[in-house]
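The sequence and coordinates are shown first.

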Amino acid sequence: MIPATHSPASLTGLAGLAVSADQSRGRRYPEPRHPYRNDFQRDRDRVVHSRAFRRLENKTQVFTRRFSDHFRNRLTHTIEVAQISRTIAAVLGLNPDLVEALALAHDIGHPPFGHAGEKALDAAMRTHGYSFDHNLHALRIVEDFESRYADFRGLNLTFEVREGIVKHSRDYSADEHPELAEYALDRRPPLEAQLIDLTDEIAYHTADIDDGYESQILTLKEIREGVALFDRFYRQAERRRAQSAEKFLFNEALRATLDAMVTDLIQSTVENCRRAGVQSLADVREHSARLAGFGPQMDPERRQAKEFLYDRLYFSSDLQPEKDLAERIVTQLFDHWVAHPEALPESYRARLGEQPLPRAICDYIAGMTDHYILQQHETMIGG
């Protein structure tokens with residue numbers, strides 16, 4: 001909850017730093033304006049109606065083989081990121097349509113089986129001198145793979161959305177990625193894009209604590225000992241509602257944890273911009289560092305939560321068999337198609353004249369859902 005002394009009305013001073021749809025650098029292939037949707041709203045809608053977005057429903061967030069309607073998948077996680085991002089953008093006076101489009105697109109480049117699948121796919125590519133990066137793959141999806149229009153390949157999104165897909169979570173070197181030169185790699189992305197990696201982290205920190213607790217891999221005692229921010233709010237909930245069941249106290253503490261991180265991100269971003277003296281979007285782009293971020297008290301607590309989740313959940317012995325299976329399936333299928341490219345679908349074989357075989361195989365695997373890759377493994381490799 002935003003304290004009364006920091007009401008939303010008092011935090012809209014960043015409106016002058018927002019990206020305006022009317023001043024967008026436009027699309028690679030010019031299109032007529034829509035009568036009642038601005039360009040960023042149209043981009044949001046194009047992402048939502050894409051095949052890549054629909055596939056997120058059947059891609060793992062954390063749990064690969066523990067099928068449950070209660071656990072997040074890539075799609076539900078993406079919706080949570082979009083909700084948090086749009087709220088923050090509105091409070092800050094930034095462009096909520098651009099933020100929403102970026103939030104909805106931020107995970108469409110992920111392969112099946114979550115981070116285990118990404119690790120295995122990158123390792124397979126590196127044996128052939130290439131690599132896999134889910135942000136760069138997301139750009140390939142919106143620029144090339146989605147096939148919905150007769151006049152161009154891809155979704156023909158605005159420059160600002162494509163730039164945000166590339167730059168929202170990290171800075172790329174122009175020397176290492178000359179193919180990204182049009183995205184001004186020597187300049188910062190706008191605040192709308194800078195927010196996405198941070199709202200992503202807020203969403204998965206709280207959601208993964210929730211799912212870890214629900215799966216019984218994480219106990220309440222472990223969470224309270226390992227995440228000081230959560231423990232602080234749990235103690236407050238206990239004092240207010242001493243007779244409530246553990247699950248309700250857990251839920252209240254988790255909601256307060258999420259709210260505190262959102263509030264800190266809002267207030268700290270405002271303070272960072274004030275201290276930097278930025279007055280325009282151009283100032284944001286030319287600044288020496290990113291300006292969206294957490295404050296000096298919240299940042300170490302955020303890092304502690306992240307380290308706890310990596311140590312006790314993502315790399316837990318409980319999930320290791322699932323990760324090992326995921327990595328084995330990805331690696332075996334990749335190697336199979338390297339040895340038997342004729343077994344690839346015709347649409348991927350047709351691309352071999354314009355890209356190397358490992359990249360075509362990587363593109364095929366990265367687009368798969370968890371269900372589909374399991375079917376392919378059964379068909380191509382066997383049980």
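This is a predicted model: local features need pLDDT of at least 70, side-chain atom pairs count only at pLDDT 80 or more; totals for chains, interfaces and linings use all residues.

## Helix pair α1 and α4

Two packed helices are described by the angle between their axes and the distance between the axes. Helix α1 covers residues 39–48 and helix α4 covers residues 96–105; their axes come within 8 Å and cross at roughly 20°. An angle under 35 degrees counts as roughly parallel, and α1 and α4 are therefore roughly parallel to each other. The crossing is left-handed.

On the α1 side the contact involves Phe40, Gln41, Asp43, Arg44, Val47 and Val48, which meet Asp97, Leu98, Glu100, Ala101, Leu104 and Ala105 of α4. By class, these residues are seven nonpolar, one polar and four charged.

## Helix pair α14 and α17

Helix α14 (residues 320–339) and helix α17 (residues 370–380) have axes that come within 10 Å, with a crossing angle of roughly 55°. The two helices are therefore oblique to each other. The crossing of α14 and α17 is also left-handed.

From α14, the residues in contact are Arg328, Ile329, Val330, Gln332, Leu333, His336 and Trp337, and from α17 they are Ile373, Leu374, Gln376, His377 and Met380. This contact consists of seven nonpolar, four polar and one charged residues.

## Helix α16

Helix α16 spans residues 357–366, and nine of its 10 residues are buried, so the helix is largely enclosed by the rest of the structure. The buried set is Pro358, Arg359, Ala360, Ile361, Cys362, Asp363, Tyr364, Ile365 and Ala366. The elements covering these residues include α5 (114–126), α6 (134–145), α14, α15 (346–349) and α17.

## Nonpolar cores

In soluble globular proteins, nonpolar side chains tend to be buried together. The largest nonpolar core here has 86 residues, of which Ile165, Leu191, Phe230, Phe250 and Leu313 touch the most other members. Leaving aside residues up to four places away in sequence, Ile165 touches Leu102, Ala105, Asn135, Ala138, Leu139, Val142 and Leu157.

Another core, of 21 residues, lies apart from the largest one; among its members are Phe113, Met125, Val330 and Ile373. Val330 and Ile373 also take part in the contact of α14 with α17.

## Buried charged residues

Arg302 is found in helix α13 (residues 298–314) and is buried, with a relative accessible area of 13%. Not counting residues up to four places away in sequence, Arg302 touches Glu201, His205, Met261 and Phe294.

Lys323 lies in helix α14 and, at 14% relative accessibility, counts as buried. With residues up to four places away in sequence left out, Lys323 touches Ala116, Tyr314 and Phe315.

## Positive phi in loops

Asn156, in the loop between α6 and α7 (159–167), has a phi near 55°, a positive value in a residue other than glycine. Its relative accessibility is 5%, so Asn156 counts as buried.

Ala184 is in the loop between α7 and α8 (191–214). Its phi is positive, about 50°, although Ala184 is not a glycine. Ala184 is buried, with a relative accessible area of 14%.

Key. Residues are numbered from 1 along each chain as its sequence is written. Side-chain values use heavy atoms; hydrogens and water are left out. Axes are lines fitted to C-alpha atoms, for helices over the stretch in contact, and angles run from 0 to 180 degrees between N-to-C directions. Helices (H or I, at least four residues) and strands (E, at least two) are DSSP runs, numbered from the N terminus. Angles under 35 degrees count as roughly parallel, over 145 as roughly antiparallel, 65 to 115 as roughly perpendicular and the rest as oblique. A crossing is left-handed if the near helix is turned anticlockwise from the far one by less than a right angle, and right-handed if clockwise. Contact means heavy atoms within 4.5 Å. Ala, Val, Leu, Ile, Met, Phe, Trp, Tyr, Cys and Pro count as nonpolar, Asp, Glu, Lys and Arg as charged, and the others, Gly among them, as polar. Buried means under 20% relative accessible area, exposed over 50%, partly exposed in between (1.4 Å probe, protein chains only). A nonpolar core is a set of buried Ala, Val, Leu, Ile, Met, Phe, Trp, Tyr and Cys residues joined through side-chain atoms within 4.5 Å.
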